[in-house]
Amino acid sequence: MKKFFRTHPELIYLNSGSHSLVPLSVIQEVKAELDLYEQNPTAGMFQAWQKLWSVQKQIAPHFGANPKNFFFRANVTQPLNEFILGVKLPPASEILTSDQEYGAVFNICRFRAERDSLNLKTFTMPSRQEISEMTADDLVDRVVSSFTPKTKMLVISEIFTGSGVVVPLEKIGREARARGIFTVIDGAHSPGFLKLDLENSSLDFYAGNLHKWWMGPKGTGFGWARRESFTELQPIQAGWISYDLQEPFASFAEGDPQAIRSLMLGCHDFSPFFALLATLKFWQEQGQNQIFSLKRALDNHLISEAERILGFPRFASKDSQMQGPLHSFLMPEKFSKIVFTKLIEDLLEQTKVQCSINFVNGEMYLRLSPHIYNNKDEITEALLRLKKFFTL
Ligand SMILES: Cc1ncc(COP(=O)(O)O)c(C=O)c1O
């Protein structure tokens, strides 16, 4: 697969969990769309909305979504703000989230709770020691047993950023729904790693990133809202789409009110969104199953080689359903005294391996996340270089 990407000749890139590389065809398409637009930005702007709808119609089904319930954003942080700050919740209700969420998303929950004097309750995600013995059902029980009669919104990641643990959402969604609890899912890492079937899911609100595992251009993500749940959403921003509609907005998505109300606001660069079609083409030509199985094979190689070469304890469950695209290894204690950004820089400079460092429950983890442009030999080579760095 390497031939489809421009990989750095010296660097071994093992941080696709933050941002993946994109196929060359996608980079070319972003540039071509920008060039086209800049020939006449006035016409480009007018035509952009219908073109965006055409892209939306092609991309949404890839994630099992009705295009009218699906909307583009530059990242997941934006739709998560719209969901978490916008869902209508009764006074004195409780927002439930976990203690291992992505920090920015936890802050959105905190902001909502403080703004509206709601209670923010945090449940404890399993520790490294606990998760190793847990099954997917145990994890469902852990989440569901944290619901209280006051819980009205659950905010949870589908794949945890620090540990890579995958949460079995379907049952959690059904249990939440039966109790009248809205589910807001942070799916930052899911598109491109898990097969999504949003319309048939038990969830209310879902935000996904397209610039991670799905290999879309940087600055692409989406939101999806179940139709019945969308009516429970108070907009947090207003613009041309808010009152009496005019063209080109009035005819967007055949005039569908939810799709229009979910549109991106104001002027911006449309080229990353239009170039999503090049990423879709890449998935269609290479085959989703082939991409998924290559990724799994590289993950398994990394896990067994990391055990052999590094020997650091891994944050993982024995249940393969819960194994995500990111792999976190507990770092030796002495490194925890170094500022993590400095450590990432030092690692890059001395090993030419791009990795990430994350904290879970206050412990420092080396996070390695390969993708299809890596190969087994370079993964082994990266681990040997890392071993040398850590033993110096
Ligand atoms: C779990 C999780 N949520 C949210 C985000 C934020 O993503 P973005 O900056 O693209 O909005 C990230 C980014 O790494 C993440 O890992």
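## A pair within helix α12

Because Arg 308 and Glu 305 are three residues apart in helix α12 (residues 288-309), about one helical turn separates them; helices here are DSSP runs of H or I with at least four residues, and strands are runs of E with at least two, numbered from the N terminus. The two residues form a salt bridge, in which the closest N and O atoms are 2.8 Å apart. A salt bridge is counted when a side-chain nitrogen of Lys or Arg is within 4 Å of a carboxyl oxygen of Asp or Glu. Elsewhere, salt bridges with shared partners join Arg 112, Arg 115 and Asp 116 into one network.

## Basis of the model

This is a predicted model, where local features need pLDDT of at least 70 and side-chain atom pairs count only at pLDDT 80 or more, while totals for chains, interfaces and linings use all residues. Residues are numbered from 1 along each chain as its sequence is written, and side-chain values use heavy atoms, leaving out hydrogens and water.

Lys 68 is partly exposed, with a relative accessible area of 22%, while Glu 254 is exposed, with a value of 58%.

Another salt bridge joins Glu 363 and Arg 128, whose closest N and O atoms are 3.4 Å apart. Glu 363 lies in strand β12 (residues 363-368) and Arg 128 in helix α5 (residues 128-131), so this contact ties together parts that are 235 residues apart in sequence. Glu 363 counts as partly exposed at 29% relative accessibility, but Arg 128 is buried, with a relative accessible area of 12%.

## The largest pocket

The largest pocket has a volume of about 610 Å³. Its lining consists of 36 residues, of which Glu 101, Tyr 102, Gly 103, Thr 161 and Asn 358 are the closest to its centre. On a 1 Å grid over the protein atoms alone, a pocket is an open set of points where a 1.4 Å probe fits, with protein on both sides within 12 Å along at least five of seven lines, and lining residues have an atom within 4 Å of a point.

Four elements, α4 (103-115), β6 (182-187), α13 (340-351) and β11 (356-360), each supply at least two residues of this lining, and the largest share, five residues, comes from β11. Domain 1 (2-16 + 287-391) and domain 2 (27-282) each provide at least three residues of the lining, with domain bounds taken from an automatic or database assignment.

## The second largest pocket

The second largest pocket has a volume of about 380 Å³. It is lined by 22 residues, and those nearest its centre are Arg 73, Glu 82, Gln 237, Leu 263 and Leu 265. At least two residues of this lining come from each of β2 (70-73) and α3 (77-86), and α3 gives the most, with four residues.

Notes:
Points joined across faces, edges and corners; volume = space filled by probe spheres on them. Buried < 20%, exposed > 50% of the residue type's maximum accessible area, 1.4 Å probe, protein only.
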